[in-house]
Amino acid sequence: MKREAGTVTDTSHSGGGDTVQPTMSRNIELPGFYFDAEKKRYFRLLPGHNNCNPLTKEGLQKKEEERKRAALLAEDDGPKKKAPRTGLNSALLLQKRHLGLLPPSSYSRLIHEVKVSGMQRHKLEVQSSNSTCPNTDNFHLIVADSACERVFTVNDVSHGGCKYGIMNFHGCRKGSLSVEMCDNLYFTNRKIVFGGHFSDTRLYQPGMLCSFKISTAWSCAWCLNPQADKTFSTGLSRRVIVTDAVTGRRATYLAGSDVLAQQFALRAPVLFNGCRSGEIFSIDLRQRDRGRSHGWKTSRFYQESAITSVQLLQDENYLLAADMLGNIKLWDIRVKRSVKQYEGHHNEYAYLPIHVNEPEGLLLAVGQDCYTRLWSLHDSRLLRTIPSPHPAGKDSIPNVVFSSQLGGSRGLPGLLMAVRHDLYYYSYNKDYQDGLTLEGQC
């Protein structure tokens with residue numbers, strides 16, 4: 001018998017020391033062993049670099065995570081979902097609204113919370129307008145236009161590099177969603193960066209409108225303020241370049257770190273930047289000083305790790321920022337102070353965006369663990385955690401788009417999720433019926 005750290009174990013039947021049988025219910029972590037909960041035994045671990053050994057700490061951890069994902073996926077596919085708030089349901093909310101106990105804005109926000117908690121997963125067939133074959137190229141990125149009428153896509157191709165495309169969505173009479181991909185024949189071997197929603201809703205035929213060669217770019221953003229609506233910015237290593245898309249004229253601002261995330265304000269030509277150092281700073285394009293003193297930074301504050309995404313709210317006194325420690329914080333820019341934190345996001349080193357849907361009162365983010373999480377923007381409550389339909393991996397992190405009007409003003413509410421070469425639709429409607437793919441040209 002051997003006693004260690006207060007736990008008694010019996011090694012008399014360990015088969016040459018390869019296994020250890022615990023005799024008490026509380027199991028401790030033994031150096032060089034792992035505990036199998038199903039077999040209720042300890043097994044010896046060999047060094048992780050031994051390729052012939054199936055029992056490594058990393059491999060066992062991945063196996064456990066996959067078991068947990070499969071269990072959560074089966075639970076998520078069930079008809080009953082856990083309510084985001086105790087006692088909250090559509091009938092109760094409607095009753096309170098009729099009695100005048102809920103203002104319209106609160107009713108809208110809470111009804112969306114109920115609906116997203118009950119969304120059901122459906123697989124969509126993506127038909128290309130240039131081919132009769134289904135899509136087989138892995139999705140690298142999906143981003144909706146400002147009206148969610150179309151979704152811009154970047155797909156990895158088998159011979160290397162990426163191709164661009166646009167997906168059109170249409171709601172059918174039975175309430176189902178159909179999708180058709182309009183492929184663009186433009187390919188690139190360069191790294192893809194994207195700073196936010198593409199906002200030209202007149203873009204029916206995809207094509208190259210303009211091209212600027214800017215090397216080693218980490219991020220980009222387009223300005224929609226009327227004072228600089230032909231201007232876009234690029235975040236690079238230790239500097240920001242602001243370019244006039246018509247004249248090609250550029251202005252350079254020096255930064256102390258790589259600029260990984262950017263967004264322009266709408267009410268003023270002010271650019272917000274998030275850096276690898278954790279610094280968040282703003283640039284007012286109306287100021288002329290671009291010297292080395294950093295005096296042109298109109299606002300400046302810090303998070304604990306590299307910033308992966310910045311998003312301004314409609315009240316542009318508030319900004320959401322996510323970093324590589326998994327922190328998502330809401331900042332009051334006026335006082336340079338964090339006023340809310342959204343818990344549960346997982347990130348260690350990946351370049352991951354966050355998605356704000358302010359009319360619905362929702363915040364979404366996909367973690368490095370491949371789980372999609374939805375929070376209440378209002379009080380930071382975690383509403384739902386959605387497991388990926390595919391096993392987790394660096395090349396299997398989902399891309400998502402959420403809207404209450406997918407496909408435009410007559411569109412359907414729900415969540416789009418692209419994982420590898422598959423596209424899924426999480427529907428508000430529990431009676432959703434799969435639609436057929438469209439035929440014809442874009």
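User: With which side chain does the side chain of Gln 303 make a polar contact at 2.9 Å?

Analyst: A polar contact is a pair of N or O atoms within 3.5 Å, where, within protein, one must be able to donate a hydrogen and the other to accept it, and residues adjacent in sequence count only if both atoms are side-chain atoms. Here the partner of the Gln 303 side chain is the side chain of Asp 323 (2.9 Å), and the side chain of Gln 303 also makes a polar contact with that of Trp 331 (2.8 Å). This is a predicted model, in which local features need pLDDT of at least 70 and side-chain atom pairs count only at pLDDT 80 or more, while totals for chains, interfaces and linings use all residues. Residues are numbered from 1 along each chain as its sequence is written, and side-chain values use heavy atoms, with hydrogens and water left out.

User: Is Gln 303 buried or exposed?

Analyst: Buried means under 20% relative accessible area, exposed over 50%, and partly exposed in between (1.4 Å probe, protein chains only). Gln 303 has a relative accessible area of 5% and is therefore buried; its place is in the loop between β19 (297–302) and β20 (307–312), strands being DSSP runs of E with at least two residues and helices runs of H or I with at least four, numbered from the N terminus.

User: How should I read the second largest pocket, and what is its volume?

Analyst: Rolling a probe the size of a water molecule over the atoms shows where empty space is left. On a 1 Å grid over the protein atoms alone, a pocket is an open set of points where a 1.4 Å probe fits, with protein on both sides within 12 Å along at least five of seven lines, and lining residues have an atom within 4 Å of a point. The second largest pocket has a volume of about 670 Å³, and α1 (57–76) is among the elements that give two or more residues to its lining.

User: Where is His 378 found, and which residues does His 378 touch beyond four places away in sequence?

Analyst: His 378 is found in the loop between β26 (372–376) and β27 (382–386). With contact meaning heavy atoms within 4.5 Å, His 378 touches Arg 109, Lys 340 and Gly 361, not counting residues up to four places away in sequence. His 378 is partly exposed because its relative accessible area is 46%.

Notes. Points joined across faces, edges and corners; volume = space filled by probe spheres on them.
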